[in-house]
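Open the model in your viewer and get ready to select residues by number. Each stop says what to pick and what is there.

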Amino acid sequence: MFHAFDNDGPPRHTTRPDWMALLSRAPLDLLESALAPYAEQAPQWLRQPETGLYMVQGRAGATGERFNLGEVTVTRCALRLPSASAASGHTVGVAYVLGRSRRKAHLAAAADALLQDPAHHDALNEQLLQPVRRHLALHSAQRHAKAQSTKVEFFTVARESGGEDDEGDQE
């Protein structure tokens, strides 16, 4: 009944919301290289890549009232690709990515459509999703290391400055 938190358990397929989140943050060069073998498939556009603004909201202290933080640029698109399996016919891919890169939105939507097809899912999981996970983990570790390098230990600073507590220790 209970699961050890440090045990990943048996391998499981990534769910669509998980891979869409990965694709939206994937660098363009990783998308280009992983999807090169599938580039010959011409999509049927349901919605051409278009750029617009979204209002981003925040919460004060993570528990307070919402407030408008600002606007971000987002590019979105939707397309239909022919499926490799005859049963499904066509698969629809959707993408929303930060920024103005129409190419990145197109590739992310194509990857979404291909990942829904069982014939391509496992190969793209290895060729695209795993490298994106590694890239994002490395990027997160670099940000964490940069933040840690600016960390100040206030208790150490107080001891080194020779505050009032140090005079009492010398008696």
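Start with a term for how much of a residue can be reached from outside: buried means under 20% relative accessible area, exposed means over 50%, and partly exposed lies in between (1.4 Å probe, protein chains only). This is a predicted model, where local features need pLDDT of at least 70, side-chain atom pairs count only at pLDDT 80 or more, and totals for chains, interfaces and linings use all residues. Residues are numbered from 1 along each chain as its sequence is written, and side-chain values use heavy atoms, with hydrogens and water left out.

**Stop 1: a salt-bridge network**

Select R47 and E50. Their side chains meet in a salt bridge, 3.0 Å from N to O. The term means a side-chain nitrogen of Lys or Arg within 4 Å of a carboxyl oxygen of Asp or Glu. R47 counts as partly exposed because its relative accessibility is 38%. E50, at 29%, is also partly exposed. Salt bridges that share partners join R47, E50 and R76 into one network.

**Stop 2**

How many salt bridges does the structure hold? There are 4. Pick D112 and R16 for another of them, with N and O 2.6 Å apart. D112 sits in helix α3 and R16 in helix α1, so this pair ties together parts 96 residues apart in sequence. Helices (H or I, at least four residues) and strands (E, at least two) are DSSP runs, numbered from the N terminus.

Is D112 buried or exposed? It is buried, at 0% relative accessibility. R16 is partly exposed, at 31%.

Next, select R103 and E32. Their closest N and O atoms are 3.0 Å apart, in a salt bridge. R103 belongs to helix α3 and E32 to helix α2, so the pair links parts 71 residues apart in sequence. R103 is partly exposed at 37%. E32 is partly exposed at 31%.

**Stop 3: strand β1**

Select residues 44-59, which make up strand β1, and find G52 in it. G52 is partly exposed, with a relative accessible area of 28%. Which residues does G52 touch, not counting residues up to four places away in sequence? They are V72, T73 and V74. A contact means heavy atoms within 4.5 Å.

**Stop 4: the aromatic pair**

The structure holds 1 aromatic pair. Show Y54 and Y96. They are edge-to-face, 6.3 Å centre to centre, with 80° between the planes. Rings of Phe, Tyr and Trp (its six-membered ring) pair if their centres lie within 6.5 Å; planes under 30 degrees apart count as stacked, over 60 as edge-to-face and the rest as tilted. Y54 lies in strand β1 and Y96 in strand β3, so the pair ties together parts 42 residues apart in sequence. Y54 is partly exposed at 37%. Y96 is partly exposed at 40%.

**Stop 5: the largest nonpolar core**

Select L23, L31, L35, L124 and L128. These residues have the most contacts inside the largest nonpolar core, which has 27 residues. Such a core is a set of buried Ala, Val, Leu, Ile, Met, Phe, Trp, Tyr and Cys residues joined through side-chain atoms within 4.5 Å. Two or more residues each come from α1, α2, β2 (66-82), β3 (90-98), α3 and α4. Helix α3 gives the most, with 9 residues. Zoom in on L35. Leaving out residues up to four places away in sequence, L35 touches L107, A111, L114 and L124.

**Stop 6: helix α4**

Select residues 118-149. This is helix α4, with 32 residues. From first C-alpha to last it reaches 45 Å, close to the 46 Å expected at 1.5 Å a residue. The expected span is 1.5 Å times one less than the number of residues.

Where does α4 bend by about 50°? Look at L124. The bend is the angle between axes fitted to the seven residues ending there and the seven starting there.

Colour the buried residues of α4, among them H120, H121, P131 and V132. They pack against α1 (16-25), α2 (28-35) and α3 (102-116).

Finish at L136, also in α4. L136 counts as buried because its relative accessibility is 18%. Beyond its neighbours within four places in sequence, L136 contacts L22 and R25. Its C-alpha is 9.3 Å from that of P27, 109 residues away along the chain.
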